[in-house]
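Let's take a walk through this one together.

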Amino acid sequence: MIRLSRRAGACAAILSVAVLLPAVATGQTGEPKPDLSGFWINQYTPDLSRVLGGQPPFTAAGAERWRTVDTAKDPTGRCWPPGPTRAFTAPFPFLLVQQPKTIALLYEYFTIWRVIYMDGRPHPADIAEYPDFMGHSIGRWEGAVLVVDTVGIDERSWLDTAGHEHSDKLHVVERFEKDGGNIKWTATFDDPVFFTKPWSITRTFTPGKADDRIMPYTCTDNNKDVDQVRPNQPNLNYTFVPEAPR
Amino acid sequence: MRSTVAVVAVTFALMFAAGDALRAHHSFAAEYDRTKPITLTGTVTKVEWQNPHIYFYLDIKNADGAVENWAIEGGAPNALYRAGWRKDSLQAGSAVTVEGWLAKSGAKLANMRSVVLADGRRVLGGSSAGDQPN
């Protein structure tokens, strides 16, 4: 058996990684893509309208849903998944695992995951028949920005704790880009049933520390809230002001 | 609508002022009554350091002198950890005063705003910097 000296072994390891890394990181254009992998901490955002600076541009139907929403009926209170964007605005961290053909988002919240398919596939033609609370996501690189397109989101998910809802026509586009040591995340919501035009919010994910860990989260164990919530309709006085039509 | 916005804004200001923007997945207002602030003084019997919220339990003497056990809901473990708190920051047997908001259901349950030990040190709220946890 040939035994490499420790130094030769280390050199071989370094060389092999150096050869492999560019192949992993380089996209079609040949420029290296950023590696977004890591443990990331959300900015807790229970009400998206506070980031937007006002209510989203509702249609009449969307406004009526907002006006009558009962926050005791929050789907996450029944341990239903939070949806693709609410997982990024909840007060729980996530792991991002980036590989060339798939990017996995592993959320502490509900111990749930999303996968972003990076292999160029389209959304399946029958995606509307298979709604997923977390949606179906496909991604691509625009330069150094990861752009993710998501449809097929189960209409029972809420966009936030405040109770902003959506229809099965919701189409979400997210942009992830490195911003110093952080990730800047912009989500654009396009749903012609609920909103007269697309609208966007931006949040920042900050990196965790070396000793950070994903904590256990089993919703059906320790769901003490489910028996405690009482009907709560805080928006009954909301006055809808129609936006200009699309 | 303006008054609703004002109430929401004050609620959020209170939450952040308490250093605890850690209300988890459910709606605070569906479960707790912000018009019913409560102060509870008792002895910690148990701490559950679990998602989505930690809970700890207090033995409290009521007006009749009988002991009642109350549940207090706090933030999420990872968020508390980042603020410097640990699973053993609050220990069974500690005498504490909790300020919070009463559950709407009538249960012996409150959502914590602040927890103060008998010696005046704060626990589980804001950051532990400057207040050494146990």
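Where in chain B is the place of B:Pro52? Look in the loop between strand E1 (32-48) and strand E2 (55-61) of chain B. Keep in mind as you look that this is a predicted model. What makes the spot worth a stop is the peptide bond from B:Asn51 to B:Pro52, which is cis, with omega near -10°. As background, most peptide bonds are trans, and most residues other than glycine have a negative phi.

A:Cys79 has a phi near 70°, a positive value in a residue other than glycine. You'll find A:Cys79 in the loop between helix H3 (60-68) and strand E2 (94-98) of chain A. Is A:Cys79 buried, exposed or partly exposed? A:Cys79 counts as partly exposed because it has 14 C-beta neighbours inside 10 Å, while a residue needs 20 or more to be buried and 12 or fewer to be exposed.

A:Thr111 also has a positive phi, here near 50°, and again the residue is not glycine. Its loop lies between strand E3 (102-107) and strand E4 (113-117) of chain A. With 15 other C-beta atoms within 10 Å, A:Thr111 is therefore partly exposed.

Now for the strands of chain A. Nine of them form a closed barrel that runs E1-E2-E3-E4-E5-E6-E7-E8-E9, with mixed pairing. On average, neighbouring strands of this sheet are turned by 30° against each other, direction ignored. In general, strands of a sheet pair through backbone hydrogen bonds, either parallel or antiparallel.

Read from the N terminus on, the elements go α-α-β-β-β-α-β-β-β. Of the 134 residues in chain B, 37% are buried. Take the contacts in chain B between residues at least 6 apart in sequence: 57% of them join residues at least 24 apart.

Finally, how do the two chains meet? The contact takes 27 residues from chain A and 25 residues from chain B. On the side of chain A that touches chain B, the classes come out as 13 nonpolar, 9 polar and 5 charged residues.

Technical notes
Residues are numbered from 1 along each chain as its sequence is written. Chains are lettered from A and ligands numbered from 1 in the order in which they are written. This is a predicted model: local features need pLDDT of at least 70, side-chain atom pairs count only at pLDDT 80 or more; totals for chains, interfaces and linings use all residues. Helices (H or I, at least four residues) and strands (E, at least two) are DSSP runs, numbered from the N terminus. Two strands pair if DSSP finds at least two bridges between them. Axes are lines fitted to C-alpha atoms, for helices over the stretch in contact, and angles run from 0 to 180 degrees between N-to-C directions. Two residues are in contact if their C-beta atoms, placed from the backbone, lie within 7 Å. Ala, Val, Leu, Ile, Met, Phe, Trp, Tyr, Cys and Pro count as nonpolar, Asp, Glu, Lys and Arg as charged, and the others, Gly among them, as polar.
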